[in-house]
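New page in the notebook. I want to look up a few spots in this one and jot down what I find.

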Amino acid sequence: MSAGGFGVYLVTDPALSDRHGIGVLGVVRAAVHGGVRIVQVRDKDASARDLLALTAAVADAVGDRATVVVDDRLDVALAARHAGHRVAGVHLGQSDVPVTAARALLGTDAHVGLTANTPEHLAAVAALPRGTVDLLGVGVVHPTATKADHPPALGHDGFGRLARATDVPCVAIGGVTLDDVGPLRAAGAAGVAVVSGICAAADPGSAAAAFVSAWGTGPDHGAEPGPSGGGDPFLLADATHHGADA
């Protein structure tokens, strides 16, 4: 990751991505074009087979332009990697398989993230072998409808207290808006995870670019620019299938 940390971390949501008929792949393509460099494929209701198909499609769509991880499902991440898709690893919750098992099965070069929202969670991470966990998802910052069973909201100050209590990079999640980006980075965030702010946007590419700009890193200027008038082939490759990819 860049010196700016993880930056803007997109978490997919199939229902929100369909709100404007764009679909998950359309949102991901646009967001990565807008500067997002890490994408978590999340669909709590999908079967393992369907989540594997979506994960493979997302990984193939973004190639080496973004890191792709799977929410919760270590089996899906392993299956996607076994099939040759560029999937970096997983993001696990407190009730999922242990991060030590994920690290052992995925290997030292994979990405293993973990949700942590209490001092007790941080203490458990501190007791693990160094390098077991690459990233902590800390939240929720604000109440959010995308996770009905979320813990009490932390706010900027509560997030900052947890982030300062660990040396593992912390990404803030939960109702994060553009106005939160600066304060959260100042509070010690290594990134901000965004769901509805990008997935539900009528123009997810512009929404993603606004979050990236607020974070202060900007898109990758080393990439070849697309043709003028929005004709980037990265975006157009799936343009005729937006309604069916979620």
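Which helix does Val58 lie in? I found Val58 in helix H3, residues 48–62; helices (H or I, at least four residues) and strands (E, at least two) are DSSP runs, numbered from the N terminus.

Ground rules before I go on. This is a predicted model, where local features need pLDDT of at least 70 and side-chain atom pairs count only at pLDDT 80 or more, while totals for chains, interfaces and linings use all residues. Residues are numbered from 1 along each chain as its sequence is written, and side-chain values use heavy atoms, with hydrogens and water left out.

Is Val58 buried or exposed? I noted a relative accessible area of 0%, so Val58 is buried (under 20%; exposed is over 50%, partly exposed in between, with a 1.4 Å probe and protein chains only). Not counting residues up to four places away in sequence, Val58 touches Val24, Leu25, Val28, Val39, Val41 and Val68 (contact: heavy atoms within 4.5 Å).

Next, Asn117. I located it in the loop between strand S5 (111–115) and helix H6 (119–126). Asn117 has 18% relative accessibility, so it counts as buried. Beyond four places in sequence, Asn117 is in contact with Gly139, Pro151, Leu154 and Leu162.

Then on to H6. Its buried residues include His121, Leu122 and Val125. Seen down the axis, the buried residues of H6 fall within an arc of 100°, so they line one face of the helix (the arc is that of the directions from the helix axis to the C-beta atoms). The face turned away carries exposed Pro119, Glu120 and Ala126. I also noted what covers the buried residues of H6: S5, strand S6 (135–139) and helix H7 (155–164) are included.
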